[in-house]
Amino acid sequence: MIELTESAADAVRTALAGAGERAEGLRIVVEAGGCAGLKYRMGLERDERPGDLVLEQDGIRLYLDALTQRHVGGLVVDFVDGIEQSGFVFDNPNAASRCSCGKSFC
């Protein structure tokens, strides 16, 4: 359902290792907002919530709520660290369009 590139997986592992609290994985959320209608939000997560789909890739747990599951089939998450752009980048085949920042889609 979701693919983390090697670069993204390394970035998540680094964040998990440096977390001040116990973190078990990464929550990816699609919610209303952004300039195109929907936006991504990510954060470290301690536990599964009711209704979550829990995926595991390369030893990383990914937590997805029910709304998010409808929007992320085939999503590829990458991490780039460059002069023009730095951070997580989302390639979502379900997006009809997206804003120029790449963080918002519809």
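Predicted model: local features only at pLDDT ≥ 70, side-chain atom pairs only at ≥ 80, totals over all residues.
View 1. Once residues up to four places away in sequence are set aside, the contacts of T5 are with V76, V77, D78 and F79.

View 2. Three strands, in the order β1-β6-β7, make up an open sheet whose pairing is mixed. Its edge strands are β1 and β7 (86-91), each of which pairs on one side only, and the twist from one strand to the next averages 20°. Helix α1 lies across β1, β6 and β7, and runs at about 70° to β6.

**View 3. The hairpin of β6 and β7.** Strands β6 and β7 form a hairpin with 4 residues between them; they run antiparallel and are joined by 6 bridges. Within this pairing, the bridge partner of V76 in β7 is D91, while D78 stands opposite V89 in β7. In a regular strand, side chains alternate between the two faces of the sheet.

**View 4. V80 in strand β6.** V80 belongs to strand β6, which covers residues 75-81, and with a relative accessible area of 24% this residue is partly exposed, because that class lies between the limits of 20% and 50%. Leaving aside neighbours within four places in sequence, V80 is in contact with Q85, S86, G87 and V89. E31, by contrast, is 49 residues from V80 along the chain, and the C-alpha atoms of the two residues are separated by 23 Å.

**View 5. The largest nonpolar core and the contacts of I2.** The largest nonpolar core has 18 residues, of which I2, L4, I28, L62, L75 and V77 touch the most other members. The elements that give two or more residues to this core are β1, α1, β2 (25-33), β3 (37-45), β5 (60-64) and β6. For I2, when residues up to four places away in sequence are not counted, the contacts are I28, L55, Q57, L62, L64, V72, L75 and V77.

**View 6. The stacked pair of Y40 and F90.** A search of the whole structure finds 2 aromatic pairs, and one of them is formed by Y40 and F90, whose ring centres are 4.0 Å apart and whose planes stand at 15°, so that the pair is classed as stacked. Because Y40 lies in strand β3 and F90 in strand β7, the pair ties together parts that are 50 residues apart in sequence. Y40 and F90 are both buried.

**View 7. The edge-to-face pair of F79 and F88.** The rings of F79 and F88 have their centres 5.0 Å apart and their planes at 70°, so this pair is edge-to-face, the cut-off for that class being planes over 60 degrees apart. F79 has 25% relative accessibility and therefore counts as partly exposed.

How values were computed
Residues numbered from 1 in each chain as written. Heavy atoms only, no water. Contact = heavy atoms within 4.5 Å. Buried < 20%, exposed > 50% of the residue type's maximum accessible area, 1.4 Å probe, protein only. Core = buried A, V, L, I, M, F, W, Y, C linked by side-chain atoms within 4.5 Å. Pairing = 2+ DSSP bridges. Axes fitted to C-alpha atoms, helices over the stretch in contact; angles between N-to-C directions. Phe/Tyr/Trp six-rings, centres within 6.5 Å; stacked < 30°, edge-to-face > 60°.
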